[in-house]
Amino acid sequence: MAQAKKTQISMTVNGQPVEGLVEPRTLLIHFIRENLQLTGSHIGCETTHCGACTIDMDGMSVKSCTVFAVQAEGAEITTIEGIANPDGTLSVLQEGFRQMHGLQCGFCTPGMITRAHRLLQENPNPSEEEIRFGIAGNLCRCTGYQNIVKAIQYAAAKINGTEFKEAAE
Amino acid sequence: MIPGPFTYHRPESVADAVKLLIELGDEARPLAGGHSLIPMMKLRLATPDHLVDLAGIGDLKRIVRDGDRIVIGAMTTQHELLASETIASCLPILHETALLIADPQVRYRGTVGGNVANGDPGNDMPGLMLTLGADYTLEGPNGNRTIAAHEFYQGAYFTAIEPGEILTSVSIPVPPAGHGHAYEKLKRKIGDYATAAAAVVLTMAGGKVATCSIGLTNLSETALLAEDAAAAVIGTTLDDASLKKATEAARAIMNPAGDGRGPPEYRKHVGGIMVERALRRAAAVAR
């Protein structure tokens, strides 16, 4: 089949209205990284396994390598670039990842934080098991997850105004 | 990992979607959540010239109780199933199974309709729908028709859907109050398809199995209804001898492929174990 006709799309990304002209086969992650130049969301496996490309779309965590940009017409999207506080300081989740050493190489981190952001919106006080189940779609090959779980627990404690206590290992 | 080119269509009604599928013919595919189709397109195992996105059709997203049945619109996501009080109270096995499908991100996008209509033997919902005695509603150029799940699956990725038809809803008879249920799924890791899985819905009376239905996932070219295995436990107390008969009867109809999840012999072996575990757990929660 010949090159498909390009389609005009518009959506809101990190609070800003954006638009672009894309081929229907353009994946949302490519639109975000290449057209919008927001390269915080990473491309890991490209096969819906690793979660590095996770973004928030209309209140859902989505692997943006498995959505066509045209499917996101009219959507409200948040990427890792939109997670920090409006004044530019780190959000509690970002602070948690920093304080608890929730990353080593950092490749999975944008997806992890974006996913954890939605998890805490839905369940502000998750158990350790709920955190592990909730981030099961995000792979990290460095940390063994322990410090990522702690980082999310740190953020949950800050959100709930409770004291964060590190569990004994 | 970029799919082949295609033209994108986003109709606003089922009638328009059917019309498009008829006009565009074999080279068009309906798009639901896309979490089976898009990966296939990236691998160029699917190269449709046209995608007809069903996301713009509002009335395909619903969970309603209709008398003694639950009707689920095809575009209802696994995440929406998990959030539904109706599903949790009337069809707890559906809630349990949805939790075992893929991972959170995939469950936000993946739909019930896509899962049952794709015909992938690895999908979890077909075996469950066989077990629950569900019907599917298909809408096509000649109107609606209803087909039982057990008549729907003909081979791997081969179903009773005719050209131009769209699966629009699933209708499930509500199992009796106090029924026992379990979905046992062996998988290598979260997100994987089943190495072997078994669904059981049963009722108990006076310590004996009164009714029983058993479905199998990823143990043949299609999901299977293990009728002889179910018959082997009806009227029994699920004693060891009856469980053995049931697992043997279930293994007799299994015909799994060998793949990264193990050779056929292994998958049949663990398939029997899934049947036994599901029977025991279902009986334990039955009242």
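In the predicted model, helix H2 (residues 92-99) of chain A packs against helix H5 (residues 146-160) of chain A at an angle of about 135 degrees, and their axes are 8 Å apart. H2(A) and H5(A) are therefore oblique to each other. The crossing in which H2(A) passes H5(A) is right-handed. On the H2(A) side, Val92(A), Leu93(A), Gly96(A), Phe97(A) and Gln99(A) take part, meeting Ala151(A), Ile152(A), Tyr154(A), Ala155(A), Lys158(A) and Ile159(A) in H5(A). By residue class, this contact of H2(A) with H5(A) comprises eight nonpolar, two polar and one charged.

Chain B is divided into three parts: domain 1 (7-52), domain 2 (60-173) and domain 3 (180-285). Between domain 1 of chain B and domain 2 of chain B, the C-alpha centres are separated by 19 Å. Eleven residues from domain 1 of chain B and 17 residues from domain 2 of chain B make up the contact. Helix H1 (residues 14-24) of chain B supplies five residues, the largest share of the side of domain 1 of chain B that touches domain 2 of chain B. That side of domain 1 of chain B contains seven nonpolar and four polar residues, with no charged residues.

Also in chain B, helix H8 (residues 125-132) is mostly covered, eight of its eight residues being buried. The buried residues of H8(B) are Met125(B), Pro126(B), Gly127(B), Leu128(B), Met129(B), Leu130(B), Thr131(B) and Leu132(B).

Notes
Residues are numbered from 1 along each chain as its sequence is written. Chains are lettered from A and ligands numbered from 1 in the order in which they are written. This is a predicted model: local features need pLDDT of at least 70, side-chain atom pairs count only at pLDDT 80 or more; totals for chains, interfaces and linings use all residues. Domain bounds come from an automatic or database domain assignment. Two residues are in contact if their C-beta atoms, placed from the backbone, lie within 7 Å. Helices (H or I, at least four residues) and strands (E, at least two) are DSSP runs, numbered from the N terminus. Ala, Val, Leu, Ile, Met, Phe, Trp, Tyr, Cys and Pro count as nonpolar, Asp, Glu, Lys and Arg as charged, and the others, Gly among them, as polar. A residue is buried if 20 or more other C-beta atoms lie within 10 Å of its own, exposed if 12 or fewer, and partly exposed in between; C-beta atoms are placed from the backbone. Axes are lines fitted to C-alpha atoms, for helices over the stretch in contact, and angles run from 0 to 180 degrees between N-to-C directions. Angles under 35 degrees count as roughly parallel, over 145 as roughly antiparallel, 65 to 115 as roughly perpendicular and the rest as oblique. A crossing is left-handed if the near helix is turned anticlockwise from the far one by less than a right angle, and right-handed if clockwise.
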